[in-house]
Amino acid sequence: MLTVSHDPTAVESSLLGRELICPLCPGVLKPWGFGTQRTIRCGTPVKNQRFTPRRGRCNECATTHILLPALFAARRADEAAVIAHAVELNIAAGLGFQKIAANLDRPATTVRDWLRVVKAKATDMLSAFAARVHRATAEALGFWPAPADTVGANALGMLMAHARVLAHVHQLRAPGAVLNVTWHHGALMAHGPWLFSTVGWPDRVQHQPALPPEV
Ligand SMILES: [Zn+2]
């Protein structure tokens, strides 16, 4: 599984142009049908959206991979923006999971699980994205976040810095273009679909179900 653009035509173009590199080997992915259709809970209040991911197959190792748009996170039934909003409400605004669940119209147990995973993985997230922010540009010091009180806040600050670096690099390439990169979108594109999962840190994981089964 790998994270791809949220734009289906860009994904088709990448597949047909043999531009998507296999996560397991140096091969490239070619179109290989579709994964199973799922329902994703989007927005607040919840709007259910049916979604069928594209699939690619490596021309060298023959492994098939689900191509998950950066709108979604692996094994999560809610869109990534909602999970990211919950994380912000928890870390930046200090709200507990029950209040967040009420705000976002989601089950409390689901929100508690999101927050637990991010808390458990905060140190890994911090180090993974600190390395990216540092590597991304010689001007990284200008993007370096101020130290915060908790590991979670430091991790979120670094993910936001990573998004600013991506927007900055884009602007260097396309002067005059204004690009807003959300921290979760940038992080999903960089790290892959396992951003909000217990697995996938620090290394990516393959051969896992892309999205939760229908209930
Ligand atoms: Zn391969």
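Which residues of H3 are buried? In helix H3, the buried residues are Ile-100, Ala-101 and Leu-104, where buried means under 20% relative accessible area, exposed over 50% and partly exposed in between (1.4 Å probe, protein chains only).

## Basis of the description

This is a predicted model, in which local features need pLDDT of at least 70, side-chain atom pairs count only at pLDDT 80 or more, and totals for chains, interfaces and linings use all residues. Residues are numbered from 1 along each chain as its sequence is written, and side-chain values use heavy atoms, with hydrogens and water left out. Helices (H or I, at least four residues) and strands (E, at least two) are DSSP runs, numbered from the N terminus.

Just after H3, Asp-105 has a positive phi of about 60°.

Helix H1 (residues 8–16) has Val-11, Ser-14 and Leu-15 as its buried residues. Seen down the axis of H1, these fall within an arc of 100°, so they line one face of the helix. On the other side of H1, Thr-9 and Leu-16 are exposed. Strands take part in covering the buried residues of H1, including S1, S2 (29–34), S5 (54–58) and S6 (64–69).

## The nonpolar cores

A nonpolar core is a set of buried Ala, Val, Leu, Ile, Met, Phe, Trp, Tyr and Cys residues joined through side-chain atoms within 4.5 Å. In soluble globular proteins, nonpolar side chains tend to be buried together. The largest such core here has 36 residues, and those with the most contacts inside it are Ile-100, Val-111, Met-125, Phe-129, Trp-183, Leu-195 and Phe-196. Helices H2 (80–91), H3 (97–104), H4 (108–136), H5 (151–173) and H6 (183–191) each supply at least two residues of this core. H4 gives the most, with nine residues.

Leaving aside residues up to four places away in sequence, Met-125 touches Val-118, Ala-155, Leu-159, Leu-195 and Trp-201. A second, separate core consists of ten residues, among them Leu-2, Val-4, Leu-15 and Leu-29.

## Packing of the helices

Two packed helices are described by the angle between their axes and the distance between the axes. Axes are lines fitted to C-alpha atoms, for helices over the stretch in contact, and angles run from 0 to 180 degrees between N-to-C directions. The table sets out two helix pairs.

| Helix pair | Angle between axes | Distance between axes |
|---|---|---|
| H5 and H6 | about 80° | 8 Å |
| H2 and H4 | about 70° | 10 Å |

The angle makes H5 roughly perpendicular to H6, and H2 is likewise roughly perpendicular to H4; angles under 35 degrees count as roughly parallel, over 145 as roughly antiparallel, 65 to 115 as roughly perpendicular and the rest as oblique.

In the second pair, Val-82, Ile-83, Ala-86, Val-87, Asn-90 and Ile-91 of H2 meet Val-111, Trp-114, Leu-115 and Val-118 of H4. The contact of H2 with H4 has nine nonpolar residues, one polar and no charged.

Arg-18, in the loop between H1 and S2, has a positive phi near 55° although it is a residue other than glycine. Its relative accessible area of 40% makes Arg-18 partly exposed. Arg-75, in the loop between S6 and H2, has a positive phi near 60° and is partly exposed, at 39%.

The peptide bond from Thr-44 to Pro-45 is cis, with omega near -5°. Pro-45 lies in the loop between strands S3 (38–42) and S4 (47–51).

Met-1 is placed in the segment before strand S1 (2–4) and, at 7% relative accessibility, counts as buried.

Technical notes: Contact means heavy atoms within 4.5 Å. The arc is that of the directions from the helix axis to the C-beta atoms. Ala, Val, Leu, Ile, Met, Phe, Trp, Tyr, Cys and Pro count as nonpolar, Asp, Glu, Lys and Arg as charged, and the others, Gly among them, as polar.
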